[in-house]
Amino acid sequence: MIIFCSIALLKKPPTLSLPIMASSATTESATTAVNLEQVAYFLVTGASRGIGAKMAIETARKFKPGSVVVLLARSASGLESTRSEILTVNPHVTVVTSSVDLATASKELLNEIVEKSLGKQPVDRFGLACVIHNVGTVGNIGRKAAELDDRAEWEQYFGTNLFTVAVLNSCFLRKFQPVPNKLVINITSKACLVPFQSMTYYCAGKAAREMYFRVLAEEEASAGVTVLNYSPGPVDTEMTVDLQANSNAPAIRDYFKNLRDTTTILTTEQTTAKFLHILENGLFKSGDHVDYYDH
């Protein structure tokens, strides 16, 4: 189906009592509406192709002159293509690219990238600091969960999809602490909520990553940080092409084949337009998981 011996205790363990906490997600949705038409610092990972590239282009289109757009990915040529498209739709922003392997990038390297992108500009000149954590890989889809016994492969997957994401996010928020409005966007997936055969790495990584951002939303609400976990739906990207061709689960392969055969698979343009609509109209509560099909 597609969706994506006991030991008797001598004493009863004490009950863990947690204080009742007011969730940051209880804020009225209208307060999360984001004004993109201002001077912004904007960083996007996985910006060389697919969803990341299209989100970078269409979001940057709205920024005021003097904004800085930073694009990270491994492909230098892909980044340059995205950079050119951004400058075509908005020639009044500065676009900085950095070819970097986010599987192994250190905190020092990430801090250096951010510092260099700013030059000598003070951070308090920006009205908005925004990061889109789009980078993501599907992992080994040729083997079942019970067969994934390579620790190095696990570490490499989580290095790219969780560890460096969290480190970059910390670097970003620390640097832009003085900026009044800080927006953190995690590109998530229905796979963080529902198990999909052959997608063990992807499901586990997305679940851990989204919980990190949900905790962040709780802890940083009073610091001017807004968090959106956006699930873009099934989009026509290289990742879904890979799943259709190489998943070990026939149902997964058939699912994506049917989406393409019926032309019901989403385009990057469609999901980006929905993303911006949700963002600008505040159709979310900070920390929530919001799917393309929710609105």
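# Exercises on helix packing and a cavity

**Exercise 1.** Find which residues of helix 6 and helix 7 meet, and work out how the two helices lie.

*Solution.* Start with the contact, which means heavy atoms within 4.5 Å. On the helix 6 side are Thr240, Val241, Leu243, Gln244 and Ala245, and they meet Ile252, Arg253, Phe256, Lys257 and Arg260 of helix 7. Sorted by kind, these residues are five nonpolar, two polar and three charged. Here Ala, Val, Leu, Ile, Met, Phe, Trp, Tyr, Cys and Pro count as nonpolar, Asp, Glu, Lys and Arg as charged, and the others, Gly among them, as polar.

A word on the model: it is predicted, so local features need pLDDT of at least 70 and side-chain atom pairs pLDDT 80 or more, while totals for chains, interfaces and linings use all residues. Residues are numbered from 1 along each chain as its sequence is written, and side-chain values use heavy atoms, leaving out hydrogens and water.

Next, look at the geometry. Helix 6 (residues 238-246) and helix 7 (residues 250-261) have axes 7 Å apart and an angle of about 125°. Helix 6 is therefore oblique to helix 7. (Angles under 35 degrees count as roughly parallel, over 145 as roughly antiparallel, 65 to 115 as roughly perpendicular and the rest as oblique.) Their crossing is left-handed.

**Exercise 2.** How do helix 4 and helix 5 run relative to each other, and at what angle do they cross?

*Solution.* First take the axes: those of helix 4 (residues 151-175) and helix 5 (residues 200-220) come within 10 Å and cross at roughly 20°. Helix 4 is therefore roughly parallel to helix 5. The crossing is right-handed. Then sort the contact residues: 14 are nonpolar, five polar and two charged. Among them are Trp154, Tyr157 and Phe158 in helix 4, and Tyr201, Tyr202 and Tyr212 in helix 5.

**Exercise 3.** Describe the packing of helix 1 and helix 8.

*Solution.* Helix 1 (residues 50-60) and helix 8 (residues 268-280) have axes 9 Å apart, at an angle of about 50°. The two are therefore oblique to each other, and they cross in a right-handed way. Now the residues: Gly50, Ile51, Lys54, Met55, Glu58 and Thr59 in helix 1 meet Thr268, Glu269, Thr271, Thr272, Phe275 and Leu276 in helix 8. The contact holds four nonpolar, five polar and three charged residues.

**Exercise 4.** Which residues line the largest cavity?

*Solution.* The lining is made of Thr45, Leu102, His133, Val135, Thr160, Thr164, Val165 and Leu168. Helix 4 gives the most, with four residues. By kind, the lining has four nonpolar, four polar and no charged residues.

Terms used: Axes fitted to C-alpha atoms, helices over the stretch in contact; angles between N-to-C directions. Left-handed = near helix turned anticlockwise from the far one by under 90°. 1 Å grid on protein atoms, 1.4 Å probe; cavity = no way out; pocket = protein on both sides within 12 Å on 5 of 7 lines; lining within 4 Å.
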